[in-house]
Amino acid sequence: MEKTKTIEGGRSKAKQIALDSMFVALTLVFTAFINIQLPSFGGAGGLIHLGNVPLLLAAMLFGKRTGALAGGLGMGLFDLLSGWAMWAPCTVITCGLMGFVVGLMNAKKTSFVMRVLSILAAVVIKITGYFIFEGFMMGNGVAAAFKSIPGNVIQVVMAGIIVLVVIKPLEKGLHAIDM
């Protein structure tokens, strides 16, 4: 009998692909269907969405690979499939990095404090990534980039609060089914 190959977390390759795909899809759906479009105020406007919830859960529960894929591909696909295609490169890099860093920070120590710190790191990554991109791409530089900061902060902090409330029960459920 052939041995099953295992990767991150000791999961089989097939199980890992299924998990990654599920979180990419969840991130896409939560971004596309649970959102509020912000007015532009002379800049690009923005979107407050709950796509960061599955991104953060993926990273905290299943690691940096799943988190990076959920963030980069899930939100990047949203940008490509909606009217935000210009933002896709920034989204893939920024949100992929968010998922990777949150997963990395929670790989060894999954305390409440570490989770909060990783959410704060995600906020910094989101603000920095979009600030840089918007500053260069929007033509009106730093002033326009500053306008996106409140929406990005609200988006990740709101998702972080939801994740901190639901993660313990989800972990118990996952341990019960041996994930």
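1. A contact here means heavy atoms within 4.5 Å. On that basis, in this predicted model, helix 5 sets F112, R115, V116, I119, A122, V123, K126, I127, Y130 and F131 against helix 7, which answers with I149, N152, V153, Q155, V156, V157, G160, L164, I167, K168 and E171. By residue class, the contact of helix 5 with helix 7 divides into 14 nonpolar, 3 polar and 4 charged residues.

2. As for the geometry of that pair, helix 5 spans residues 112–137 and helix 7 spans residues 149–176, and the two pack at an angle of about 155° with their axes 10 Å apart. Because angles over 145 degrees count as roughly antiparallel, helix 5 is roughly antiparallel to helix 7. The crossing in which helix 5 passes helix 7 is right-handed.

3. Helix 5 also has helix 4 as a packing partner, at an angle of about 165° and with their axes 9 Å apart, so that helix 4 is roughly antiparallel to helix 5. The crossing of helix 4 and helix 5 is again to be described as right-handed. From helix 4 the contact draws on C90, T91, T94, C95, L97, M98, V101, V102 and M105, while helix 5 supplies M114, L117, S118, A121, A122, I125, K126, G129, Y130 and F133. Sorted by class, the residues of the contact of helix 4 with helix 5 comprise 14 nonpolar, 4 polar and 1 charged.

4. Is N106 buried or exposed? N106 has a relative accessibility of 3%, and because buried means under 20%, N106 counts as buried. A polar atom of the N106 side chain lies 2.8 Å from the backbone oxygen of V102. Leaving aside residues up to four places away in sequence, N106 touches M60, M114, R115 and S118.

5. M60, one of the residues touched by N106, is also among the buried residues of helix 2, a set made up of N52, V53, P54, L55, L56, L57, A58, A59, M60 and F62. Helix 2 (residues 52–62) is accordingly described as mostly covered, with 10 of its 11 residues buried. Just after helix 2, the backbone at G63 takes a positive phi of about 100°.

6. Helix 1 (residues 13–33) contains Q16, a residue with a relative accessible area of 0%, and therefore buried. The side chain of Q16 is joined to that of D20 by a polar contact of 2.8 Å. Q16 and F62 are separated by 46 residues in sequence, yet their C-alpha atoms are 9.1 Å apart in space; F62 itself belongs to the buried residues of helix 2.

7. Turning to the chain as a whole, its secondary structure comes to 7 helices and 4 strands, which follow one another along the sequence in the pattern β-β-α-β-β-α-α-α-α-α-α. Of the 179 residues in the chain, 42% are buried. Where contacts between residues at least 6 apart in sequence are considered, 67% of them join residues at least 24 apart.

How values were computed
Residues are numbered from 1 along each chain as its sequence is written. This is a predicted model: local features need pLDDT of at least 70, side-chain atom pairs count only at pLDDT 80 or more; totals for chains, interfaces and linings use all residues. Side-chain values use heavy atoms; hydrogens and water are left out. Axes are lines fitted to C-alpha atoms, for helices over the stretch in contact, and angles run from 0 to 180 degrees between N-to-C directions. Angles under 35 degrees count as roughly parallel, over 145 as roughly antiparallel, 65 to 115 as roughly perpendicular and the rest as oblique. A crossing is left-handed if the near helix is turned anticlockwise from the far one by less than a right angle, and right-handed if clockwise. Ala, Val, Leu, Ile, Met, Phe, Trp, Tyr, Cys and Pro count as nonpolar, Asp, Glu, Lys and Arg as charged, and the others, Gly among them, as polar. Buried means under 20% relative accessible area, exposed over 50%, partly exposed in between (1.4 Å probe, protein chains only). A polar contact is a pair of N or O atoms within 3.5 Å; within protein, one must be able to donate a hydrogen and the other to accept it, and residues adjacent in sequence count only if both atoms are side-chain atoms.
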